[in-house]
Every structure is written in structure tokens, then in C-alpha cells.
Amino acid sequence: MRRYFTLKTLKRLFHYFRPYLGITFLYLAMGVFIVALAMVLPQITKYIISSVIGDTPFSLFGLEISDKSRLFIYLVVAWIAIVILRQILAYVRSIIMARATIDAVCSLRDDVFRHMLWQAPAFLQKENTGNILTVINGDTEVISGFFTS
């Protein structure tokens, strides 16, 4: 099996992804926030079961609601809002990382193409055009897949 990524290769590729470090940290922070929101949903379900269905009084941060129907509506609306917010954040998160990856791979392809333009005509005549295109397109897609996975 061909080994695509060595430490030397990753160091060379880091040049293309360095401008997107802030976006990468934002991507990670959004992921942590999405997970934190997912952890709130079972708590809301717990409050629905214990306070609306059961007889445990509802108290959260000093807020007490004794009307069970009103409490149920608030909790369901909060649950739905969190689910929608998680989906929106996941969508924005995926777009942010896809955009950063596309920009970095585009920059890499520009550099490869610029390098190919400066090759000797003998090299371009000797090499099969399909092989050159496969290397340019295939390797950049492997790199793109590495950074998006």
C-alpha cells in the first residue's frame, strides 16, 4: 500500500493550510459547542418526565413554574430550538471547513500548475498527459480528503 503522508509531506502541506488555522480552531470550537448542546437535550427530557409527567416541582436557576402545561410548552420549545440550532451550526461548520479546504487545495493546484509550466518541453513530451493530470488531480483530492476527514 502506498504511504501518502509522511512527516515531511505534512510539513510541506502545512504551508497551504496555515492561513486557515483560525478557521480550523473555529471549526473545532463549534464542534465542542454542538456536542454541549446535544448534552442538554437529555436534561430537558428529564425535566419533562419528572416535572410534567411526575410530581417533582420544576426549579432551574431559581425559576419555578408550577403550571404543568405551560412548563411542557416551554420545555418542548427549548428542545426544538436546541435541535434546530445544532443543525444550523453543523451546517455552517461544514461549509466553513469545506471552504477553507477548497481554498487551500486551489492554492496547491495553482502552485503545481505553475511548476508544470516551467518544466522543460522534453519532460512534457516524454510524460503521458493523462498521467500528469492524474497526479495533479488525484493527489490534490487525496490531500483534500485527508484534511476534511
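Good morning, everyone. One thing before we start: this is a predicted model.

Let's begin with helix H2. Helix H2 covers residues 21-53, which makes 33 residues. How far does helix H2 reach from its first C-alpha to its last? The answer is 48 Å. At 1.5 Å a residue, the expected span is 48 Å, and H2 comes close to that.

On to charges. Side chains of opposite charge can pair when their charged atoms come close. How many salt bridges does the structure hold? Three. Let's take them one by one.

Here is one: Lys68 with Asp55. Their closest N and O atoms are 3.6 Å apart. Where do the two partners sit? Lys68 is in helix H3, while Asp55 is in the loop between H2 and S1. They are 13 residues apart, and the pair links distant parts of the chain. Are the partners buried or exposed? Asp55 has a relative accessible area of 70%, so it counts as exposed. Lys68 has 35%, so it is partly exposed.

Next, Arg99 and Asp103. Their side chains form a salt bridge, with 3.6 Å from N to O. Both residues belong to helix H3. They are four residues apart, which is about one turn of the helix. Arg99 is exposed because its relative accessibility is 52%, and the cut-off is over 50%. Asp103, at 25%, is partly exposed.

Last pair: Arg114 and Asp111. Here the N to O distance in the salt bridge is 2.9 Å. Again, both residues lie in helix H3. This time they are three residues apart, about one turn of the helix. Arg114 is partly exposed at 45%. Asp111 is partly exposed too, at 28%.

The structure has three salt bridges. One of them, Lys68 with Asp55, links distant parts of the chain.

Notes:
Residues are numbered from 1 along each chain as its sequence is written. This is a predicted model: local features need pLDDT of at least 70, side-chain atom pairs count only at pLDDT 80 or more; totals for chains, interfaces and linings use all residues. Side-chain values use heavy atoms; hydrogens and water are left out. Helices (H or I, at least four residues) and strands (E, at least two) are DSSP runs, numbered from the N terminus. The expected span of a helix is 1.5 Å times one less than its number of residues. A salt bridge is a side-chain nitrogen of Lys or Arg within 4 Å of a carboxyl oxygen of Asp or Glu. Buried means under 20% relative accessible area, exposed over 50%, partly exposed in between (1.4 Å probe, protein chains only).
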